[in-house]
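Please open the structure in your viewer and display it as a cartoon.

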Amino acid sequence: MIRFENVSVTYDGASEPTVRGVDLEVPEGELVLLVGPSGVGKSTILGAVSGLVPHFTGGTLRGRVMVAGRDTRTHKPRELADVVGTVGQDPLSHFVTDTVEDELAYGMESLGLPPAVMRRRVEETLDLLGLAPLRDRPLVTLSGGQQQRVAIGSVLTPHPRVLVLDEPTSALDPAAAEEVLAVLQRLVHDLGTTVLMAEHRLERVVQYADQVALLPAPGQTPVLGTPADIMAVSPVYPPVVDLGRLAGWDPLPLTVRDARRRAGDLRERLAGQAPEGNAPAVADAGTPRENAPAVAD
Ligand code: ADP
Ligand code: MG
């Protein structure tokens with residue numbers, strides 16, 4: 001559904017390409033998580049899918065990025081809106097109207113659809129994302145999770161087959177993040193939407209990924225694999241993976257629940273031992289805390 005063929009992107013004025021030799025394939029209907037240290041080029045890769053790179057950012061894209069059969073270098077973001085929806089970290093800064101319903105309708109304006117179809121799609125989207133009770137609300141009065149759901153809704157009305165999300169839960173509290181991830185799950189499972197998402201809060205998202213694409217370092221080509229395989233080699237990983245690596249578990253746990261189920265032996269081995277210094281007790285190692293080993297954007 002998304003295919004990168006030997007892609008490199010060089011921003012204007014940069015002496016080296018920001019990403020190079022990128023060959024990557026995201027199959028239809030999968031949720032693929034793009035991970036890597038800050039500044040490695042995740043947003044650049046996502047931008048190449050939505051057409052923001054190079055059309056809005058400038059710079060030179062070499063190679064080819066195909067999304068649902070369209071070359072993003074020869075199609076502007078507006079000409080891709082019916083195949084790819086793009087959502088960023090800060091929905092409020094991208095809203096163009098004032099209320100939920102108007103914002104959903106706006107996403108279709110450039111498509112020239114008949115008014116009856118537009119109305120129907122707004123209703124569908126309000127229902128799908130649980131936004132119907134909020135339809136008349138001013139966008140500024142919504143919670144962060146509600147705003148992010150509206151941002152997703154506003155790119156869904158053209159019925160894109162691909163969604164690209166850049167750090168969609170990074171600015172949200174845990175409850176709002178769950179709200180947004182539940183919506184994404186529904187799109188992937190019920191509608192078969194293909195999702196490519198970057199998110200540095202890996203503890204929130206890694207469990208939902210079908211595959212993980214890792215950009216290990218600037219200029220290196222992404223490695224695609226199962227979440228557990230990639231987490232075993234990734235320089236960024238959530239606390240629960242840190243615990244699993246320390247304990248030598250294979251496959252690595254991706255959720256606190258996974259870790260608990262595997263922790264029996266470890267619990268016995270460590271019974272009666274006091275934790276060293278100020279280190280947290282092992283029983284606490286899987287509880288949510290800042291994503292210590294990951295470098296936040
Ligand atoms: P990530 O999302 O992984 O943090 P980015 O793709 O945002 O990485 O950035 C990768 C590199 O490209 C960074 O060094 C950044 O400064 C540079 N960069 C990103 N966007 C632009 C731009 N529009 N113009 C010039 N340089 C950019
Ligand atoms: Mg980024």
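**A tour by selection**

Begin with Phe 4, which stands opposite Leu 24 in S2. The model in view is a predicted one. Now extend the selection to strand S1, residues 2–10, which runs antiparallel to S2 and is joined to it by five bridges.

Next, display the whole open sheet: four strands in the order S2-S1-S4-S5, with antiparallel pairing. Strand S2 (19–26) and strand S5 (70–71) each have a single partner strand and stand at the edges, so one side of each is left without a neighbour in the sheet.

Proceed to helix H1, residues 42–50, which lies across S1, S2 and strand S4 (60–67) and runs at about 120° to S1. Eight of the nine residues of H1 are buried, so the helix is largely enclosed by the rest of the structure. Among them are Ile 45, Leu 46 and Val 49. Just after H1, select Gly 51, which takes a positive phi of about 90°.

Then move to strand S8, residues 194–198.

Strand S3 (residues 31–35) pairs with S8 in the parallel sense over four bridges, and Leu 31 stands opposite Val 195. Strand S7 (residues 162–166) also pairs with S8 in the parallel sense, over five bridges, and Leu 163 stands opposite Val 195.

Finally, select S7, helix H7 (residues 174–191) and S8 together; they make a right-handed β-α-β unit.

Methods: Residues numbered from 1 in each chain as written. Chains lettered and ligands numbered in written order. Predicted model: local features only at pLDDT ≥ 70, side-chain atom pairs only at ≥ 80, totals over all residues. Heavy atoms only, no water. Pairing = 2+ DSSP bridges. Helix = DSSP H or I, 4+ residues; strand = E, 2+ residues; numbered from the N terminus. Contact = heavy atoms within 4.5 Å. Axes fitted to C-alpha atoms, helices over the stretch in contact; angles between N-to-C directions. Buried < 20%, exposed > 50% of the residue type's maximum accessible area, 1.4 Å probe, protein only. Right-handed = clockwise from strand over helix to strand, strands pointing away.
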